[in-house]
Amino acid sequence: MPNFQTVRGMRDLLAEEAAILNFVVGKARETAQLYGYKEVITPVVEPYELLSAKSGEEIRQRMFIFKDLGDRDVALRPEFTASIARLATTALKTEPKPLRVFSVGSVYRYDEPQRGRYREFWQSNFELMGSSNSEADAEAILLTNSLMKASGLQGYAFKIGNIGVIRGVLTQMNVDDKVQNAVLQRMDKKEYYEAFKLLDNEKCRTVLQGLLELKGGTPFETAEKITEYVAGYAEAEAAADNLLEILQLVTASGCPVRAVEPAFARGLEYYTGMIFEVNVPELDIALGGGGRYDRLIEVFGGEPTPAVGVAHGLDRVALALQTQKTELPAGRRKTAVVIPVKPELKAEALKIAQLLMEAGVSVEFEVMGRKMGKALEDADRRKVDYAVIVGERELKDDAVVVKDLVKREQSTMKIAELPEKIS
Ligand code: AMP
């Protein structure tokens, strides 16, 4: 027996689900336009080497990797950032800064499938390159806020941190980058015990433990506690100040911040500063996340370029909308069926259908050759607005019969007037 199921972790989205995802994709694209991000389309298949350059162990182990028929090591993109970093160091290298780039599409990770976690999923990705200022960090959060709001989500809120706080402390205590990455990866999974075990310096562990305990209180209280706590660790102090400033900037625009997290880490190794996530209470998974990555462009051979970015999990936004039972805005198109009374009138009827479509009406042509009664019954069942009946007698006067299936009225109309009357 052939296997006709989807591959584990991959899904078919039927009309209703596809419509919700497309609605969210549309909102992401609108957000990009509103914030001045230019859309680029990059390949789904990329060199393994590019994708593994700085993704971090976590994602590297979850990539779909294969050899193409030319014996090249390739992989399905697990995110957009590597492709955008390549562009930033090649085709977009001489573009004036700031550079704002947007992408949307499917990405692939061999994650353990569960509710809201798939192996093929959609992201919208925003990258802002060239600014190290806190207003650039704030923009990544604010545009996410705009996207969540425009999608109609209720009760979403942000969690903000700055990876520079922990990195600053560890660097000053001479913990090398590799160990730092491993520690942060464990902390991202809230495996604090395992994270601390990687540090052989007792003082280091105590300082990190103390940071963890600053949790709680209002976002502003926590941000201030962090600043006081890391006094004396110059880099960490700067990171904490930066966090406080970003918090001020985004809350001034009414962005809902739920918490400042002193020990917040994110899976991707390339973050160097502010990091954030957005959640809704109904789901215990992030709808989007991002942060600052000031060294990534160098890794790809470019000039040192400060950058901040965010990726939104659009399937999860769609899932949250479904969970909150959000009604999508109704489509504005009128719908019609066009039915020729007899086969000889097919050509005329098709021509009339084209006329209606050009006027923006959604037309289902009668392709089953059914009797009029059956075709109308079917149109009623599908809740179509109008039935256009193309008959010989009316055609002689350049007219057709139009049934308004909502008002249950019938009239004879000139073909030339149809588009205006129906659309
Ligand atoms: P990341 O690229 O890891 O920062 O992820 C950005 C966003 O993508 C997350 O906040 C999620 O919303 C979404 N995401 C990550 N992994 C998955 C997955 N396996 N299935 C669905 N959405 C995901």
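Contact, on this tour, means heavy atoms within 4.5 Å. Helices (H or I, at least four residues) and strands (E, at least two) are DSSP runs, numbered from the N terminus. The model you have open is predicted, so local features need pLDDT of at least 70 and side-chain atom pairs count only at pLDDT 80 or more, while totals for chains, interfaces and linings use all residues. Residues are numbered from 1 along each chain as its sequence is written, and side-chain values use heavy atoms, with hydrogens and water left out.

**Stop 1: the two domains**

Colour residues 15–323 as domain 1 and 335–422 as domain 2; these bounds come from an automatic or database domain assignment. The C-alpha centres of the two domains are 52 Å apart.

**Stop 2: the ligand**

Now select the ligand and the residues around it. A residue is near a molecule or strand if one of its heavy atoms lies within 4 Å of it. The ligand has 16 residues around it, and those that come nearest are Arg109, Asp111, Tyr118, Arg266 and Ala286. Strand 6 (120–129), strand 10 (288–292) and strand 11 (307–313) each supply at least two residues of this shell.

Next, show the polar contacts. A polar contact is a pair of N or O atoms within 3.5 Å; within protein, one must be able to donate a hydrogen and the other to accept it, and residues adjacent in sequence count only if both atoms are side-chain atoms. Start at Asp111, where an N or O atom of the side chain is 2.7 Å from a nitrogen atom of the ligand. At Tyr118, a polar backbone atom lies 2.8 Å from a ligand nitrogen. At Leu287, a polar backbone atom is 3.3 Å from an oxygen atom of the ligand. Of the 480 Å² that the ligand exposes when taken alone, the protein buries 93%. Accessible areas come from the Shrake-Rupley method with a 1.4 Å probe; for residues, only the protein chains shown count as cover.

**Stop 3: helix 13**

Go to residues 314–323. Buried means under 20% relative accessible area, exposed over 50%, and partly exposed in between (1.4 Å probe, protein chains only). Why is helix 13 described as largely enclosed by the rest of the structure? Eight of its 10 residues are buried. The buried ones are Leu314, Asp315, Arg316, Val317, Ala318, Leu319, Ala320 and Leu321. To see what they pack against, show helix 1 (15–34), strand 5, strand 6, helix 5 (134–151) and strand 11. After helix 13 comes Lys325, with a positive phi near 55°.

**Stop 4: helix 9**

Select residues 202–212. Here Cys204, Val207, Leu208, Gly210, Leu211 and Leu212 are buried. Their cover includes helix 6 (163–172), helix 7, helix 8 and helix 10 (219–229). At the start of helix 9, look for Asn201: one of its side-chain oxygens reaches to within 2.8 Å of the backbone nitrogen of Lys203.

While you are here, pick out two cysteines. Cys204 has a relative accessible area of 0% and is buried, and Cys255 is buried at 4%. How many disulfides are there? Taking a disulfide as a pair of cysteine sulfur atoms within 2.5 Å, the count is zero.

**Stop 5: two threonines**

Pick Thr81 in helix 4. Is Thr81 buried or exposed? With a relative accessible area of 6%, Thr81 is buried. Leaving out residues up to four places away in sequence, Thr81 touches Asn125, Glu127, Tyr270, Tyr293 and Leu296.

Then move to Thr251 in helix 11 (residues 234–252), which is partly exposed at 28%. Apart from neighbours within four places in sequence, Thr251 is in contact with Phe220 and Val257. Its side chain also reaches the backbone oxygen of Gln248 at 3.3 Å.

**Stop 6: backbone details in the loops**

Between helix 4 (81–89) and strand 5 (99–108), find Pro98. The peptide bond from Lys97 to Pro98 is cis, with omega near 0°.

Asp71, in the loop between strand 3 (65–67) and strand 4 (73–76), has a positive phi of about 65° although it is not a glycine. Asp71 is exposed, at 54% relative accessibility.

End at Lys190, in the loop between helix 7 (177–188) and helix 8 (192–197). Lys190 is another residue other than glycine with a positive phi, here near 60°.
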